Amino acid sequence: MEFFKRTPNIDFIGKRHYTYVLTAILLAASILLLAVRGLNFGIDFTGGVVVEVSYPGVADHDKARAALAAAGFEDAQVQSFGSSRDLMVRVLPPEGEDVNQVGARIQEALRADEPQVVVRRTELVGPQVGRDLTEQGGLALLFTFLGILAYVAFRFEKKMATGTVLAAIHDPILILGFFAATQMTFDLSVLAAILAVIGYSINDSVVIFDRVREVLLGTRKNISTKDMLNLAVNQTLSRTVMTSFSTLFVVVALYVFGGETLKGFSAAIIVGVIVGTYSSIFIAAALAYDFKLKPQDLIAAKKSDPELDALP
Amino acid sequence: MGSEGEQRILGVLQANQIPYNTSYFEDDRLVVRFTSVDDQIRARDAISDAAPGEYIVALTSASRSPRWLRVIGLKPMALGLDLRGGVHFMYEVDMAAAIEQTLQRLAQDVRTQLRKERIQYQAVTVRGESVEVLLRPGASVDAARRVIQGDDPTIILTESQIDGATQLVATLSPERIKQRQDLAIEQNVTTLRNRIDELGVSEPIVARQGLDRIVVQLPGVQDPNQAIRVLGATATVEFRLVDEANNPYEAQQTKRVPVGSKLYMTREGAPVLLKREIIASGDQLTDAISGWSEGRPAVHVTLDSRAGQAMLKTTTENLGRRMAVVYKETKRLEEGERCNGIRSGNQCTVEEVISVATIQGVFSNRFQITGLMASEANELALLLRAGSLATPIFLVEQRTVGPTLGQDNIKAGMMALAIGAVLTFAFLAVYYRTFGMVANVVLICNVILLVALMSLLQAALTLPGIAGIVLTIGMAADANILIYERMREELRNGNSPHAAIQAGFDKAFSAIADANITTLIAGIALFAFGTGPIKGFAVTLVLGIFTSLFTAIMCSRVFIDAIWGRRRHLKTLPV
């Protein structure tokens, strides 16, 4: 079976203005959502208490809320978690009170309301630890970006590198916009997913630019930048799409079967793969073109690259 | 825990109709094995209902791997807490208090020494991170310098004049501060480890994290509150003289203790009478190390100068008599919990004599305790260190996962893995035909290699870790896809099948390498800055990349070359 029986000939570079507009709209929408609605940060970042409980019968949200309010937790978030018998209770860190005490009191309140309730999981994070984890997360993000920037700059000519990195920045913004829109819990595992997606999305761009280099070396005649880029993207199109499919298969399986705690993680990867593929195909090469990439730039780079010389 | 206890426990289980497989003793703990987690939980509930507070029950999983595998030294995969159930605590050490403690002790020492040398001073105060000594006019500054500096290179002295009087400011050097911080952490880690032994948890983890945090992981523990209380007990030691004049056994029998003494029990269970006066206590102990003295095992003890003086006086007056060390531990009790020692309110204090030794010479603040075996010396040193005033710690993070959730997580993870794998295999087989099947075999090799590597390294598998394996399957397919798409393209361009195979592998290589390196960078960043389950994900991601690269490039090539590369007349490639 083959979806792409012949190398397609889509004019990606020519049509880039349409994709720019679309991208601009999506980016603006994401940033707006982030500013207006904000992310629903998990307790990994804010500190606080999360208690996951399971009831013998169907869980009654309102009763649970009432019991918590009676114990002094009027602001407790109560939501379904997985099945109809499970509830997740979340309380932000109270000023000055010890999170451990808070956790114990919440469990007491719920047990007083329904003695048969089973506590499946508790997480108590002190506010300082929340701040530290946020900082660590930020550092991980920074480190990843810098590492990838350095690598791509070293491996590719700088206009291609810039195009790649800009496309890579655009992906996390859209994922964050998605989380702001859906208000799914944004915790450490989602951040981990975003980092994995950044690495993965650069994959696609790298493959395309690798092909650009090869196209240039292979053609005898003077080829225009536009044709060179178009050719590269078209030639790698089948591989890019197929890879995304194969990854999507597994991640959708994760989302559906992997349990409630992985839902945020898998959603982030699903959105990331779709957006990443889109950005690699439509944005990365187009940006390189608009940065006035010329074949001469690549030939200059070629002179100092022994690996290219090794290719037949 | 003896056979009597065993009968009782088994009786409770039988009365509640809870089936169990076997029961046996390990050290002084009773181990009972069940087939399912449900039985395990029911048993725990039954025992705590029948005998509340009397036993400490820890739930754990025992390996079912065949004996011959274990004998070779192979271990099953390590599971993270979110798959096993258990508790995770993070303590923060109050470093500021540690430094403050050191400064106060220094100030006290300085006061004592200055008085002894008859150097007049107006005030010795602790301010900020230093000790300020204001001398009286006319006092010998050089003598004061010598006294304060002693032979300690880690104290930095500066001099200044205030209203005609000299002021010496002593600050701790950065090395000293770091030493103190390291000691604070080490003390607490030792103390926590001791207490965890008391909980009977198998495979606990106690480790330093960062500059001032300690991580404690107790798999199988279900009641975090009990664990917190046990871990949060405060301990101290006391040095006292043995009351040689009276008979401890008599006091024990008649229950009448002579005035001025107190009855204690040693760890072996023998009674001993000690005088009430405390010569030195834990907060004056600066160090205790086990080592050798004249060829025999010994514990080298160092006290601060005030305790040193008390010790000097005592040893001078009591040569030949015995001195004992008492280990005291205080912890908070819950409703209905029994106290094995002295109860006061909701605090339970347990006191034990851990060492009785004869004073063989006159000493002050440095001495050795001998007459022990090497293992006893180690243990005594450990206990002394645990009992010296440890820096206070606070619980700043706590995560508990119940055992049922652990099981559910495993099921969910495995299901996602299975379905994701099946989907990928189907896709590859359908889209790339026979070569797709080769890719499937290679993918299976990849996962096996990944799991083997993780088991070998004993890297803990967490739920995000399983997600990482699932992701690895998807991304590993990528490398094969790159190669096959390349082959298809070569065929489309009219190249011969053999050339297509060659070209597919060669040309795809640089793209595969480049692409995986970027994900590797992200994985390393996650590993460096991540904690807990995220670290598990980073580990599978990074290891998965290596195994994918290896299997995709080497194994695919070997397979395809072996099967098709040899055929002379290859018309077309089944890709």
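The structure is a predicted model, in which local features need pLDDT of at least 70, side-chain atom pairs count only at pLDDT 80 or more, and totals for chains, interfaces and linings use all residues. Residues are numbered from 1 along each chain as its sequence is written, while chains are lettered from A and ligands numbered from 1 in the order in which they are written.

Along its principal axes, the C-alpha trace of chain B spans about 105 × 75 × 45 Å. Of its 575 residues, 40% count as buried (20 or more other C-beta atoms within 10 Å of the residue's own; exposed means 12 or fewer, partly exposed in between, with C-beta atoms placed from the backbone). Among the contacts in chain B with a separation of 6 or more, 69% come from residues 24 or more positions apart, a contact being a pair of residues whose C-beta atoms, placed from the backbone, lie within 7 Å.

Turning to the meeting of the two chains, the contact takes 56 residues from chain B and 55 residues from chain A. On the chain B side, β20 (393-401), α12 (403-457), α13 (463-492), α14 (497-529) and α15 (533-565) each supply at least two residues, and α12(B) gives the most, with 15 residues. The residues on this side divide into 35 nonpolar, 14 polar and 7 charged; Ala, Val, Leu, Ile, Met, Phe, Trp, Tyr, Cys and Pro count as nonpolar, Asp, Glu, Lys and Arg as charged, and the others, Gly among them, as polar. Strand pairing also links the chains: β5 (residues 118-125) of chain A and β20(B) run antiparallel over 5 bridges, two strands being paired if DSSP finds at least two bridges between them. Here Glu123(A) has Arg399(B) as its bridge partner.

Chain A is divided into domain 1 (16-41 + 130-310) and domain 2 (48-123), whose C-alpha centres lie 40 Å apart. Strand β2 (residues 48-54) of chain A pairs with β4(A) in the antiparallel sense over 6 bridges, Val53(A) being partnered by Leu87(A).

In helix α3 (residues 61-70) of chain A, the buried residues are Ala64(A), Ala67(A) and Leu68(A). They cover an arc of only 95° around the axis, which puts them on the same side of α3(A); the arc is that of the directions from the helix axis to the C-beta atoms. Their cover includes β3 (77-81), β4 (83-91) and α4 (99-113) of chain A. On the other side of α3(A), Asp62(A) and Ala70(A) are exposed. Just after the helix, Gly72(A) takes a positive phi of about 105°.

Note on methods: Helices (H or I, at least four residues) and strands (E, at least two) are DSSP runs, numbered from the N terminus. Domain bounds come from an automatic or database domain assignment.
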